[in-house]
Amino acid sequence: MKKILIMMITTLLFLAGCSSGSDNDQSISNPFGSGSGKSTGSSSSTGVTLEFTNGNPPQDMFIGSPVTFAFIFKNYQLHDVENVEVKVKGFDRSYVSGLDEEYSVTRIPKASDAIGAGIFTGLVASGVVVEGFVGDYNFNPEFEYCYLAKTSFRETVCVPSTTNQCEIEYSAQTTQNGPVSVSIDRVNAVSDSVQISFTLNNKGQGEMRNECFNDQDYATQYVINSIKLGTLDGNCNPSGTDDYLLGEGRGSFFCEFPRSQDGSYPTQLTLELEYLYEQEIQKSYTVIDPTQ
């Protein structure tokens, strides 16, 4: 009995040791056979953020005293973001002058490893005055901004053999950037080609749009700009719909690729998507009437 108990404890300890690992470097089983890889990589779903310089505007304003709104846009995308539309709303405009309903930003530079987020500070609304109310006033403007976003995705995958087996060790490195994230669901050998299925999820801080500032659509469109398995282009189709759509922030599609050899081999899967993306922030300020 003691020997059986010792063997059971030893087995449990062994299994516990095998299951340890980190999120950034963990063994993953391959769906095709004996092949496996290490999962590593990085991702960013931030997109573009908006804030204001310290004190412009101040947290506490005074009735009738002009203030400045100095916008700071930070672009975490790996491409220049152009023609950003900004809409200002959420308050009684009869109280406020100097803050337009709409603005536009021609270009926000892309992010880079060397400098981080690309920054644009050229939008300034000066001479903003809040007046006409009685007592103190809670001024809570909302700033919506809409732009063409992109998701860039790269992952090392195992292309299975024509018998649908992966018999290699490889490093499953994944790198992606963009509010809508991409994940590979399955890689299958189909006759003399390879079929890969994908799932998309909105992981950013905003919403996809078919048209800026129009939230009436249940499903929103995206475009596949490019997709390659190694150097070979894919032939893609949406899953379950006639168009490339996301419903409630989720969508899927699949692609077929030619293969470069009969046996299994590792290669890079790269793709780029684009879509309209809308984010917003709301600020809260107190406008003080010192005479009250």
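1. Thr156 and its contacts. In this predicted model, Thr156 touches Tyr170, Ser171, Ala172, Gln173, Pro266, Thr267 and Gln268, when residues up to four places away in sequence are not counted. Thr156 belongs to strand β12, which covers residues 142-159. Its relative accessible area is 14%, so Thr156 falls under the 20% limit and is classed as buried.

2. Glu144 and Lys89 form a salt bridge in which the closest N and O atoms are 2.8 Å apart. Glu144 is buried at 7% relative accessibility, whereas Lys89 is partly exposed at 33%.

3. Arg209 and Glu278 form a salt bridge, with 3.4 Å between the closest N and O atoms. Because Arg209 lies in strand β16 (residues 207-209) and Glu278 in strand β23 (residues 265-282), the pair ties together parts that are 69 residues apart in sequence. Arg209 counts as buried at 14% relative accessibility, and Glu278 counts as buried at 7%.

4. Salt bridge at Arg107. The side chains of Arg107 and Asp80 meet in a salt bridge with an N to O distance of 3.1 Å. Arg107 is in strand β8, while Asp80 is in the loop between β5 (67-75) and β6 (81-89); the two are 27 residues apart. Arg107 is partly exposed at 41% relative accessibility, and Asp80 is partly exposed at 29%. The structure holds 5 salt bridges, among them this pair.

5. Phe120. Arg107 is also one of the contacts of Phe120; leaving aside neighbours within four places in sequence, the others are Phe71, Ile72, Phe73, Val105 and Ile108. Phe120 is found in strand β9 (residues 118-120). With 23% relative accessibility, Phe120 counts as partly exposed. The C-alpha atoms of Phe120 and Thr106 are separated by 9.9 Å, and these residues are 14 places apart along the chain.

6. Negative surface patch. Glu85, Asp100, Glu101 and Glu102 gather in a patch of negative charge on the surface. Glu102 is located in strand β8 (residues 102-108). Its relative accessibility is 53%, so Glu102 passes the 50% limit and counts as exposed.

7. Backbone geometry. Most residues other than glycine have a negative phi, and most peptide bonds are trans. A cis peptide bond joins Asn56 and Pro57, with omega about 10°. Pro57 is placed in the loop between β3 (48-52) and β4 (60-62). Asn164, which is not a glycine, has a positive phi of about 65°; it is found in the loop between β12 and β13 (169-177) and is partly exposed at 22% relative accessible area. Ser191, also not a glycine, has a positive phi of about 55°. Ser191 is in the loop between β14 (180-190) and β15 (193-202) and counts as exposed at 60% relative accessibility.

8. The chain as a whole. The protein chain contains 1 helix and 24 strands. Of its 292 residues, 38% are buried. Among contacts between residues at least 6 apart in sequence, 74% join residues at least 24 apart. The accessible surface comes to about 15,800 Å², and 47% of that area belongs to carbon and sulfur atoms.

Key. Residues are numbered from 1 along each chain as its sequence is written. This is a predicted model: local features need pLDDT of at least 70, side-chain atom pairs count only at pLDDT 80 or more; totals for chains, interfaces and linings use all residues. Side-chain values use heavy atoms; hydrogens and water are left out. Helices (H or I, at least four residues) and strands (E, at least two) are DSSP runs, numbered from the N terminus. Buried means under 20% relative accessible area, exposed over 50%, partly exposed in between (1.4 Å probe, protein chains only). Contact means heavy atoms within 4.5 Å. Patches are made of residues with over 30% relative accessible area and no salt bridge: like charges are joined within 9 Å, nonpolar side chains (Val, Leu, Ile, Met, Phe, Trp, Tyr) within 5 Å. Accessible areas come from the Shrake-Rupley method with a 1.4 Å probe; for residues, only the protein chains shown count as cover. A salt bridge is a side-chain nitrogen of Lys or Arg within 4 Å of a carboxyl oxygen of Asp or Glu. Lys and Arg count as positive and Asp and Glu as negative; His and the chain ends are not counted. The place of a charge is taken as NZ of Lys, CZ of Arg, CG of Asp or CD of Glu.
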